[in-house]
Amino acid sequence: MEITLFILYPLALYRTRLILAALALHAALIAASAVKYGRIPLIGLHDTLGFLAFSIGAAYLIFGWKRLRDWYSYITIPLILLLLAGSLAAPQMHGPLPPVLKTLWFELHVILSFVAYALFALGAVFGVLFLMHGRKEDEADQYRNLLLGYVLFSIAMIFGGIWAYYAWGTYWLWTPKELWTTIVWFWYGLYLHARLVRGWSGRSVVWLGIIGFVIVMFTYAGVGLLMKSSHEF
């Protein structure tokens, strides 16, 4: 069934309504996994890469329905497929959640984090489109996505602190993942400060949004692979 997504998502480049079918199947696969294991599939790279791909697909549809036949799609769809390929290649974790993760705060923390990541991804896509075409609406779309992503990411950090307190008795552990998460938060805070307070516009501020997503992906995947941390993703 997952292989079918590699057919439906690319076909959406030619038949825009097929994105609805791709997202519906993707959501069904996530729901089936949740029913099978009694948990939302948010553990390990297999689960989270798939969930991130779905989140980007949903945000892609919501924020760009009228643009599904231009470069907006030609950049976003390959990104979704790349994440799906990574998900299929990564080992899947079976069974229920371990006791330390059996809390609503964990699920809220992870879900909001990955929705924010999806919005950061679209912000980078709109930034690339601005660099390609110089359209002000692309810069405005980048700003809207990054602002909403920043708000959701901030809330996710709060929920993560509450989960950490219940799990380990402290709101902060000074792990590499938490430090890089803070870097992500400050980076997008810098972007918003530059745009709203300093009045930056054009290529300089757009590049901040693009580089931010590179930092996000390193924080998500790179830190867990290269550094020891209590977080796996």
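Predicted model: local features only at pLDDT ≥ 70, side-chain atom pairs only at ≥ 80, totals over all residues.
Colleague: Why are H3 and H4 called roughly antiparallel?

Modeller: Their axes cross at roughly 165°. Angles over 145 degrees count as roughly antiparallel. H3 and H4 are therefore roughly antiparallel to each other.

Colleague: Within what distance do the axes of H3 and H4 come?

Modeller: Within 7 Å. The crossing of the two helices is left-handed.

Colleague: What makes H3 and H4 a contact pair, and which residues meet?

Modeller: Contact means heavy atoms within 4.5 Å. On the H3 side, the residues that meet H4 include Leu-45, Leu-49, Ile-56, Tyr-60 and Phe-63. On the H4 side, Tyr-72, Ile-77, Ile-80 and Leu-84 are among them.

Colleague: How do the residues of that contact divide by class?

Modeller: Into 15 nonpolar, eight polar and no charged. Gly counts as polar here, and Gly-50, Gly-57 and Gly-64 in H3 are among the contact residues.

Colleague: Now the largest pocket. What is its volume, and which residues are closest to its centre?

Modeller: The volume is about 320 Å³. Of the 20 lining residues, Glu-2, Leu-29, Ser-33, His-46 and Gln-92 are the closest to the centre.

Colleague: What makes a residue part of that lining?

Modeller: An atom within 4 Å of a pocket point. Helices H1 (2–11), H2 (18–37), H3 (44–64) and H4 (71–89) each give two or more residues. H2 gives the most, with seven.

Colleague: How many of the lining residues are charged?

Modeller: Three, alongside 10 nonpolar and seven polar. Glu counts as charged, and Glu-2 is one of the residues closest to the centre.

Note on methods:
Residues numbered from 1 in each chain as written. Heavy atoms only, no water. 1 Å grid on protein atoms, 1.4 Å probe; cavity = no way out; pocket = protein on both sides within 12 Å on 5 of 7 lines; lining within 4 Å. Points joined across faces, edges and corners; volume = space filled by probe spheres on them. Helix = DSSP H or I, 4+ residues; strand = E, 2+ residues; numbered from the N terminus. Axes fitted to C-alpha atoms, helices over the stretch in contact; angles between N-to-C directions. Parallel < 35°, antiparallel > 145°, perpendicular 65-115°, else oblique. Left-handed = near helix turned anticlockwise from the far one by under 90°.
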